[in-house]
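Subject: A structure for you to look at

Hi there,

I am passing a structure on to you, and my notes on it follow below. Please have a look at it first and then read on.

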Amino acid sequence: MAETFDFPRDLVAAQLELHRVRSELSALYRRLPWSVVPLPGWTQTKDGGRYFESKRPDSPGWTAEEK
């Protein structure tokens with residue numbers, strides 16, 4: 001059987017912190033409008049020659065506080 005080693009605690013803590021920060025960043029992106037500046041939305045279908053369908057609502061842009 002192969003010899004095993006304990007993983008250093010500081011690296012385990014750093015990995016947990018990374019997961020926490022990524023989770024918070026994902027939650028922030030879900031709350032914010034998709035564009036920083038106001039832009040119209042769109043709808044694209046496969047019928048239009050696209051590989052996949054995509055749809056975005058109009059973006060009001062970010063507020064000064066969100067920026």
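Let me start with serine 59, which sits in the segment after β2 (54-56); strands here are DSSP runs of E with at least two residues, helices are runs of H or I with at least four, and both are numbered from the N terminus. This is a predicted model, in which local features need pLDDT of at least 70 and side-chain atom pairs count only at pLDDT 80 or more, while totals for chains, interfaces and linings use all residues. Residues are numbered from 1 along each chain as its sequence is written, and side-chain values use heavy atoms, with hydrogens and water left out.

Is serine 59 buried or exposed? With a relative accessible area of 5%, serine 59 is buried (buried is under 20%, exposed over 50%, partly exposed in between, using a 1.4 Å probe and protein chains only). The side chain of serine 59 reaches two backbone atoms: the oxygen of serine 35 at 3.2 Å and the nitrogen of glycine 61, also at 3.2 Å. Leaving aside residues up to four places away in sequence, serine 59 touches Pro33, Trp34, Ser35, Val37, Pro38 and Leu39, where contact means heavy atoms within 4.5 Å.

A search of the whole structure turns up one aromatic pair. Its members are tryptophan 34 and tryptophan 42, with ring centres 5.2 Å apart and planes at 80 degrees, so the pair is edge-to-face. For the cut-offs, rings of Phe, Tyr and Trp (its six-membered ring) pair if their centres lie within 6.5 Å, and planes under 30 degrees apart are stacked, over 60 edge-to-face and the rest tilted. Tryptophan 34 is partly exposed at 29% relative accessible area, and tryptophan 42 is partly exposed at 32%.

Now for the charged side chains. The whole structure holds two salt bridges, each a side-chain nitrogen of Lys or Arg within 4 Å of a carboxyl oxygen of Asp or Glu. Arginine 20 meets glutamate 17 at 2.5 Å, N to O; these two are three residues apart in helix α1 (residues 9-31), so about one helical turn separates them. Arginine 20 also meets glutamate 24, at 2.4 Å, and these are four residues apart in helix α1, again about one helical turn. Through shared partners, the salt bridges join Glu17, Arg20 and Glu24 into one network. Arginine 20 is partly exposed at 37%, as are glutamate 17 at 38% and glutamate 24 at 46%.

Happy exploring!

Best wishes

Conventions: A polar contact is a pair of N or O atoms within 3.5 Å; within protein, one must be able to donate a hydrogen and the other to accept it, and residues adjacent in sequence count only if both atoms are side-chain atoms.
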